[in-house]
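Reader: I have a model on my screen and some labels to check. Can you tell me what each label rests on?

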Amino acid sequence: KGKLTKTGVEKKEGRALSQEEWLAVQSKLPKLLEQDRALVALMMYEGLRRGEALGLTWDNVDFESNCIHVVQQAAFNNGANMATIQSPKTKTSNRTIPLVKPLKEILVHIERQGKFIVGNKDTPYTKSMLVKALKRIKKILEIDDLHPHMFRYSHATVLHELGVDDKTIQQWEDHASQETTTNIYIKNSQIMSDRAEAMLSDFASSKR
């Protein structure tokens, strides 16, 4: 499925990881370099945008209250190599989200070397550093079409498959509307189709 850009060129829509791919990624996280592992975990377990993950500082993580405060993002404006720290995408993007246990376990074992969780001491990754990191990540995870936003798609899709309501997913990921959550980010999966078929079959069979 694709959509047209402003220039009329079709832009392919991203996909979510299957549950099998998700579990495979989890098993390979220890093979990643420390900051590569943190970057993937922030996008995969929290559904953060790439810029939100790169802009996250240690001060934004509350380990006692088990939450993350998303208050800024790192942006490569006008193709710049150096990132600019600026406000999140929209007013509602400034939000507090749960700190997921697997991510917490990863973060508490990282040796802090600066202000940013994923960065070059007290500055976030440059664009060239990010490109190199993604190449390393793609090679180890062995996903040919890997893209940072794939983890965000996957976060919403897995929550949906686990039965979390769309409103909660919308607020967690900061989607403009529930329609965005449902139509763009939550990818239809065979798991959901199989579950729906089983539920309907059980219901119909019980009424015979």
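**Labels and their grounds**

Reader: Which element gives the most to the lining of the second largest pocket?

Author: This is a predicted model. Strand 5 gives the most to that lining, with three residues.

Reader: Which elements each supply at least two residues of that lining?

Author: Helix 3 (50-55), strand 5 (73-75) and helix 6 (148-161).

Reader: What makes a residue part of the lining?

Author: A lining residue has an atom within 4 Å of a point of the pocket. The second largest pocket holds about 320 Å³ of space. It is lined by 14 residues, and the closest to its centre are Arg-49, Arg-50, Gly-51, Gln-73 and Ala-74.

Reader: How many residues of each class are in the lining?

Author: Five are nonpolar, five polar and four charged. Gly counts as polar here.

Reader: Why is Ile-169 called buried?

Author: The cut-off for buried is under 20% relative accessible area. Ile-169 has 0% relative accessibility, so Ile-169 counts as buried. Ile-169 is found in helix 7 (residues 166-173). The C-alpha atoms of Ile-169 and Leu-159 are separated by 7.2 Å, with the two residues 10 apart along the chain.

Reader: What share of the protein chain is buried?

Author: Of its 208 residues, 42% are buried. The chain exposes about 12,000 Å², and carbon and sulfur atoms supply 52% of that area.

Reader: What makes strand 3 and strand 4 a pair?

Author: Two strands pair if there are at least two bridges between them. Two bridges join strand 3 (residues 61-62) to strand 4 (residues 67-70), so they pair. They run antiparallel. Asp-62 has Cys-67 in strand 4 as its bridge partner.

Reader: How many residues lie between the two strands of that hairpin?

Author: Four, and Asn-66 in the turn has a positive phi of about 55°.

Reader: How do you know that strand 4 also pairs with strand 7?

Author: The rule again asks for at least two bridges. Strand 4 and strand 7 (residues 95-98) are joined by four bridges, so they pair. These strands run antiparallel. Here the bridge partner of Cys-67 is Pro-98 in strand 7.

Reader: How many helices and strands does the protein chain have?

Author: Nine helices and nine strands.

Reader: What share of the contacts between residues at least 6 apart join residues at least 24 apart in sequence?

Author: That share is 59%. A contact here means heavy atoms within 4.5 Å.

Notes: Residues numbered from 1 in each chain as written. Predicted model: local features only at pLDDT ≥ 70, side-chain atom pairs only at ≥ 80, totals over all residues. Heavy atoms only, no water. 1 Å grid on protein atoms, 1.4 Å probe; cavity = no way out; pocket = protein on both sides within 12 Å on 5 of 7 lines; lining within 4 Å. Points joined across faces, edges and corners; volume = space filled by probe spheres on them. Buried < 20%, exposed > 50% of the residue type's maximum accessible area, 1.4 Å probe, protein only. Areas by Shrake-Rupley, 256 points an atom, 1.4 Å probe, with all protein chains shown as cover.
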